[in-house]
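My notes follow in the order in which I looked things up.

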Amino acid sequence: QDLKSLIQSTISERERSLVQTIFDAGLRRSEVGRVTLDAVNKALGFSRANFIAENEDDWVHPDYCPLYIDGSKGRGNEFKPRYSIVSKSTLERIKRYHATPLYRKYARRYESADATPCFFNSEGRPFNADSISKLLERLSNRAIKSRRIERMISPHKLRHGHAYEILRSPDFGDSYLDNLVKAQMLLGHERNTTTETYTRIPQDIFRMLSPTTGEI
């Protein structure tokens, strides 16, 4: 609901697709500017691949696609590459933004797709961590003013939302533990103890994530 409120408070498709991508890919604010046009194109290419599923006769097209990210928090402040799983609908929304005249104008400054940022700010430059925080602050203030939300939403809260979606998804594993391992991989956590932070949740939310038997 908070994500929907933020999207409703945007003024452009660029902002809408950006906010949706931060949530859907579990991006850190410092990683947004390093997502490339080439990474999105390759992820969409994966979505068009034909797969044969067990006990199925027809081709299957994946609803989730791997998106390459030059992750933050590597040793010595080096990039820590990883793949996140992004929905096909989010990727298609990004490509509609990429088809706009303004994006194409800014993208022409770059020699290749692997050097072209996925998102440009209003001045035609890649987003940095501070500009992402300022954008979320502006959107939060608009949403609060229109009474859609009651408190500020930071970029990292969208990343938290992504983590909880993985933990409660039936698509990534057969148990809560499986999903926890997947979350560690997709979020780029070095230690599982970092990911286990998401297990320290209020009981009412825990009941929503777990079966009625209470087993995880």
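In which crossing does helix 3 pass helix 4? I found that helix 3 passes helix 4 in a left-handed crossing. By definition a crossing is left-handed if the near helix is turned anticlockwise from the far one by less than a right angle, and right-handed if clockwise.

**Basis.** I am working from a predicted model, in which local features need pLDDT of at least 70 and side-chain atom pairs count only at pLDDT 80 or more, while totals for chains, interfaces and linings use all residues. Residues are numbered from 1 along each chain as its sequence is written, and side-chain values use heavy atoms, with hydrogens and water left out.

**Overall.** I noted 10 helices and four strands in the protein. Helices (H or I, at least four residues) and strands (E, at least two) are DSSP runs, numbered from the N terminus. The order from the N terminus on is α-α-α-β-β-β-β-α-α-α-α-α-α-α. Of the 216 residues, 43% are buried; buried means under 20% relative accessible area, exposed over 50%, and partly exposed in between (1.4 Å probe, protein chains only). I also looked up contacts between residues at least 6 apart in sequence, and 54% of them join residues at least 24 apart. Contact means heavy atoms within 4.5 Å.

**Helix 3 on helix 4.** I went back to this pair for its geometry. Helix 3 (residues 37-47) and helix 4 (residues 88-98) pack at an angle of about 130 degrees, and their axes are 10 Å apart. Axes are lines fitted to C-alpha atoms, for helices over the stretch in contact, and angles run from 0 to 180 degrees between N-to-C directions. Helix 3 and helix 4 are therefore oblique to each other. The cut-offs are under 35 degrees for roughly parallel, over 145 for roughly antiparallel, 65 to 115 for roughly perpendicular, and oblique for the rest. Helix 3 brings Leu37, Val40, Asn41, Ala43, Leu44 and Ser47 to the contact, and helix 4 brings Lys88, Leu91, Glu92, Ile94, Lys95 and His98. By class I have six nonpolar, three polar and three charged residues in the contact of helix 3 with helix 4. Ala, Val, Leu, Ile, Met, Phe, Trp, Tyr, Cys and Pro count as nonpolar, Asp, Glu, Lys and Arg as charged, and the others, Gly among them, as polar.

**Helix 2 by itself.** I find 13 residues in helix 2, and from its first C-alpha to its last the helix reaches 18 Å, close to the 18 Å expected at 1.5 Å a residue. The expected span is 1.5 Å times one less than the number of residues. Among the buried residues are Arg14, Glu15, Asp24 and Ala25. Just after helix 2, Gly26 takes a positive phi of about 65 degrees.

**Helix 2 on helix 4.** I read an angle of about 150 degrees for helix 2 and helix 4, with their axes 9 Å apart. Helix 2 and helix 4 are therefore roughly antiparallel to each other. Helix 2 passes helix 4 in a left-handed crossing. From helix 2, Glu13, Arg14, Arg16, Ser17, Gln20, Thr21 and Asp24 meet Ser89, Thr90, Arg93, Ile94 and Tyr97 in helix 4. The classes here are two nonpolar, five polar and five charged residues.

**Helix 2 on helix 6.** I read an angle of about 105 degrees between helix 2 (residues 13-25) and helix 6 (residues 129-145), with axes 12 Å apart. Helix 2 and helix 6 are therefore roughly perpendicular to each other. Glu15, Leu18, Val19 and Ile22 of helix 2 make the contact with Ile132, Leu135, Leu139 and Arg142 of helix 6. I count by class six nonpolar, no polar and two charged residues.

**Single residues.** Asp24 is in helix 2 and, at 16% relative accessibility, counts as buried. Leaving aside its neighbours within four places in sequence, I see Asp24 in contact with Ile85, Val86, Ser87, Thr90 and His162. His162 lies in helix 7 (residues 155-168) and counts as buried at 5% relative accessibility. His162 and Phe23 are 139 residues apart in sequence and 5.5 Å apart in space, C-alpha to C-alpha. Last, I checked Arg147, in the loop between helix 6 and helix 7. Arg147 has a positive phi of about 65 degrees although it is not a glycine, and at 79% relative accessibility Arg147 counts as exposed.
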